[in-house]
Amino acid sequence: MLTAEQKRFFDLNGYLVVEDVVAPALLARLRQDFDRWVAESRDHAGAYGETLDGRARFDVEPGHCPERPALRRVSSPTEISEAYYQAMADSGMVAAVADLIGPNVKLHHSKINSKLPRTTTKVEWHQDFPFTPHSNDDLVTALLMVDPVSDANGPLEVLPGSHKAPLEPLWHGGRFTGAVDAAVTARCIAGAVRCTGPAGAVCLMHTRLLHGSAPNESDGPRTLFIAVYAAEDAVPLAENPLPSRHEGLIVRGAATGTVRCTPNTLRLPQKPKGASFFVQQNAAAAE
Ligand SMILES: O=C(O)CCC(=O)C(=O)O
């Protein structure tokens, strides 16, 4: 699915935006399910629902209310929506990921990160690998744009090439903050590139790439369906932060039972106790 030039861009920069990976009919179903969840969220004052480990499936931002819903996270939507399952297991997104880390690819976890119009949710700069360490780092985070993503609605921002640098600690002062320190953040902001695109585009991101995102200051929503895929021979070294019954699902190729190890040194993460890592990052940022 990807051209040699696209693969070269990913190798060099650690990310790649590919358009039209999901057909308009599937995109419409993804949007319809999400709109229904936003409507349902109006009946809840805080995080609600339940996933495999007993934590809430739906997380809302502080200030969420029926008049101004601020649903910010749906965990493992593939378990409750055929459309999200299809996008995760059988779409152009999977084909593109397989071109990068195939031939054998499995799911690690999935989620929706939502920024409804003029909400305050932001994502502090971090790398994904220290949240989801594996025996090797052939992992790709695929962020599918369910809505058009523009400069104004809180796009994913990345630091190109940072996947080739050492891992940055997410532990500070004896505490897992889920974010890099202030000096690294300043470096990221100075070199940040925004990943924008039309609905149906996907941003493929290397698990070591530094990234973050700002609040949505526009009148349109920014809904990203995020699926984290691993090479089948990458074995998890920490508990899955979003366990689901689809964890380990082979989406391309076959199960070989092989373990491939590459050297990395990092402190193991702390699983969030709250409904999402937003709770973890916000608690640390507020101090
Ligand atoms: O929702 C976003 O803007 C960023 C997502 C992210 O940081 C992640 O998936 O690790």
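User: In strand S3, which residue is the bridge partner of aspartate 59?

Analyst: The model shown here is a predicted one. Strand S2 (residues 58–60) and S3 pair in the antiparallel sense, over three bridges. Within S3, the residue bridged to aspartate 59 is arginine 73.

User: Which residue in S4 is the bridge partner of arginine 73?

Analyst: S3 also pairs with strand S4 (residues 105–115), again over three bridges and in the antiparallel sense. In S4, arginine 73 has as its bridge partner asparagine 113.

User: How many of the five residues of strand S3 are buried?

Analyst: A residue counts as buried when its relative accessible area is under 20%. Strand S3 covers residues 71–75, and it is largely enclosed by the rest of the structure because the number of its residues that are buried is five of the five.

User: Is arginine 57 buried or exposed?

Analyst: Arginine 57 lies in the loop between helix H2 (24–41) and S2. Among its contacts, leaving aside neighbours within four places in sequence, are Arg73, Val74 and Ser75. Its relative accessibility is 8%, and therefore arginine 57 counts as buried.

User: At what distance does the side chain of arginine 57 reach the backbone oxygen of serine 76?

Analyst: The side chain of arginine 57 reaches the backbone oxygen of glutamate 50 at 3.3 Å. For the backbone oxygen of serine 76, the distance from the side chain of arginine 57 is 3.0 Å.

User: Which residues surround the ligand?

Analyst: The surrounding residues include Lys111, Asn113 and Lys115. Val123, His126, Asp128, Leu143 and Leu156 are also part of this surrounding group.

User: What percentage of the area that the ligand exposes when taken alone is buried by the protein?

Analyst: An oxygen atom of the ligand is 2.9 Å from an N or O atom in the side chain of asparagine 113, and for the side chain of aspartate 128 the corresponding distance is 2.8 Å. A polar side-chain atom of arginine 222 lies 2.7 Å from an oxygen atom of the ligand. Taken alone, the ligand exposes 290 Å², and the share of this that the protein buries is 99%.

User: Which residue in S11 is the bridge partner of leucine 16?

Analyst: Strand S1 (residues 15–18) and S11 run antiparallel and are joined by four bridges. In S11, the partner of leucine 16 is leucine 204.

User: How many of the ten residues of H4 are buried?

Analyst: The buried residues of H4 include Ala96, Val97 and Leu100, and leucine 204 touches Ala96, Val97 and Leu100 among others. H4 is largely enclosed by the rest of the structure, because the number of its residues that are buried is nine of the ten.

User: What is omega for the cis peptide bond that joins glycine 102 and proline 103?

Analyst: Proline 103 is found in the loop between H4 and S4. Most residues other than glycine have a negative phi, and most peptide bonds are trans. Glycine 102 and proline 103 are joined by a cis peptide bond, with omega at about 15 degrees.

User: What is the phi of aspartate 20 near?

Analyst: Aspartate 20 is placed in the loop between S1 and H2. It counts as exposed because its relative accessibility is 64%. Its phi is positive although the residue is not glycine, with a value near 55 degrees.

How values were computed
Residues numbered from 1 in each chain as written. Predicted model: local features only at pLDDT ≥ 70, side-chain atom pairs only at ≥ 80, totals over all residues. Heavy atoms only, no water. Contact = heavy atoms within 4.5 Å. Near = heavy atom within 4 Å. Polar contact = N/O pair within 3.5 Å; in protein donor to acceptor, adjacent residues only side chain to side chain. Areas by Shrake-Rupley, 256 points an atom, 1.4 Å probe, with all protein chains shown as cover. Buried < 20%, exposed > 50% of the residue type's maximum accessible area, 1.4 Å probe, protein only. Helix = DSSP H or I, 4+ residues; strand = E, 2+ residues; numbered from the N terminus. Pairing = 2+ DSSP bridges.
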